[in-house]
Amino acid sequence: MRAAAARWFRDCYGRDPAGVWHAPGRVNLIGEHTDYNEGYVLPFALAQGVRAAARRRDDGVLELCSRQAPGPAVRVAAGPPTPGGVPGWAGYAAGVAWALMEAGYAVGGARVAIDADLPQGAGLSSSAALECATAVALTGLYGIAIAPPELARLARRAENDFVGVPTGIMDQSASLECARGHALLLDCRSLAMAQVPLDPAAAGVELLVLDTRARHEHAGGSYTSRRRACERAAALLGVPALRDVTDLAQLDRLRDPVLRRRARHVVTDNRRVLEVTALLRSGDVAGMGPLLTESHRSLRDDFEVSWPQADVAVGAATAAGALGARMMGGGFGGSVIVLVAAGRAARVVAAVGEEYDRRNWPAPALVPAAAEAGAYLMT
Ligand code: GAF
């Protein structure tokens, strides 16, 4: 994979890169729409991700090309780019250069060639992987040492303030800070984190990720409107963030039933993250099954971010004997995660496929999902 990215760099720019950096996509075990409510999340990094092959340019110009977005290289003039001024995929990478410069880091120009094996819009955090690959490449090229939590903050800033999508900190943290064989328990308020061992095979289970092939788009207004609803609920309850609500009875003070349901999802999913963490620490991976399915119901009925293909996949998988399943990521498209006893995967995947077939939907794609390391320089 390093060789392929280096070759792509040569195709784009006619010479060798100085290095190739990898940043992975992620699976979130549980804790959805909790990050921007200053709550908990529990993602793990995938093997699949984004590679940035890169080399310095002395004139300050940033050049970007992507194997997944054919066309001439995008050229960003020397100096901090203008927020919103670089359209499309390149905005995520240019935004990272902008965030680094804004924070006072002396990054200069570069040629960057992007190559990815992560489907876009599949809810596996391809945007954050692109940001993080660019971040580790640019800081690596210029010998700038930035602690991963700060780099995650800057990569998120690119997405929030340059591209203009108000996402939380989960995806960038996962891409930069996950450890192989572990899920990352992240407190999105303090940014305290713990590596939680995740070894499904040792526990006699398998984690499946099914791309439902329905595509999502955070730039759409639904993610933002959920975020605003949570902020309104917190303000009405007089707390800094919904993270501060631990007693569900407090939510009775919200008159608006929609706000009450939105808040209930956040409060209950935060609890579920801590419950799943405790189960994983005790080696009971199978025990998280019912919590995954509860999380799905909460996202479907209270937060209302699920989509038909996810509901059908979760229903068919659990009916076929899966231990639990839920939609993953921001919602409105993307992937589902399914927990099955070892040996049951084929039956469960076939059951989901049959239900899709009956509806004339394209078959879901099985995405290999092992807990791998966060971003690194490929050697
Ligand atoms: C997207 C966002 F980028 C994350 O910050 C998070 O809010 C997630 O949706 C929902 O949990 O992946």
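A residue counts as buried at under 20% relative accessible area, as exposed at over 50%, and as partly exposed in between, with a 1.4 Å probe and protein chains only. Helices (H or I, at least four residues) and strands (E, at least two) are DSSP runs, numbered from the N terminus. The model is predicted: local features need pLDDT of at least 70, side-chain atom pairs count only at pLDDT 80 or more, and totals for chains, interfaces and linings use all residues. Residues are numbered from 1 along each chain as its sequence is written, and side-chain values use heavy atoms, with hydrogens and water left out.

Helix H5 spans residues 170-177 and is mostly covered. Of its 8 residues, 8 are buried. Among them are Met 170, Asp 171, Ser 173 and Glu 177.

Asp 171 also belongs to the ligand site. There, 13 residues surround the ligand, and the closest are Glu 32, His 33, Asp 35, Asp 171 and Tyr 223. A residue is near a molecule or strand if one of its heavy atoms lies within 4 Å of it. Polar contacts are pairs of N or O atoms within 3.5 Å; within protein, one atom must be able to donate a hydrogen and the other to accept it, and residues adjacent in sequence count only if both atoms are side-chain atoms. A side-chain N or O atom of Asp 171 is 2.8 Å from an oxygen atom of the ligand. For Glu 32, the distance from a side-chain N or O atom to a ligand oxygen is 2.7 Å. A polar side-chain atom of Asp 35 lies 2.5 Å from an oxygen atom of the ligand.

An open sheet of 4 strands has the order E10-E11-E9-E12, with antiparallel pairing. Its edge strands are E10 (324-327) and E12 (365-367), each pairing on one side only. Neighbouring strands here are turned by 25° against each other on average, direction ignored. Two strands pair if DSSP finds at least two bridges between them. E10 and E11 (residues 335-341) are joined by 4 bridges in the antiparallel sense. Arg 326 stands opposite Ile 337 in E11.

Two helices lie across strands of this sheet. Axes are lines fitted to C-alpha atoms, for helices over the stretch in contact, and angles run from 0 to 180 degrees between N-to-C directions. Contact means heavy atoms within 4.5 Å. Helix H8 (residues 289-302) lies across E10 and E11, at about 30° to E10.

A nonpolar core is a set of buried Ala, Val, Leu, Ile, Met, Phe, Trp, Tyr and Cys residues joined through side-chain atoms within 4.5 Å. The largest has 77 residues; Leu 29, Leu 42, Leu 62, Leu 124, Leu 280 and Met 288 touch the most other members. Beyond four places in sequence, the contacts of Leu 29 include Leu 42, Leu 280, Met 288, Arg 326 and Ile 337. Another core, of 39 residues, lies apart from it and includes Val 239, Leu 251, Leu 299 and Val 305.

Val 239 is also one of the contacts of Ala 234, beyond four places in sequence, along with Pro 240, Ala 241 and Leu 242. Ala 234 sits in helix H6 (residues 221-237). Its relative accessible area is 4%, so Ala 234 is buried.

Strand E6 (residues 109-116) is mostly covered, with 6 of its 8 residues buried. Strand E3 (residues 43-57) runs antiparallel to E6, joined by 8 bridges. Strand E4 (residues 62-66) pairs with E6 in the parallel sense over 5 bridges.
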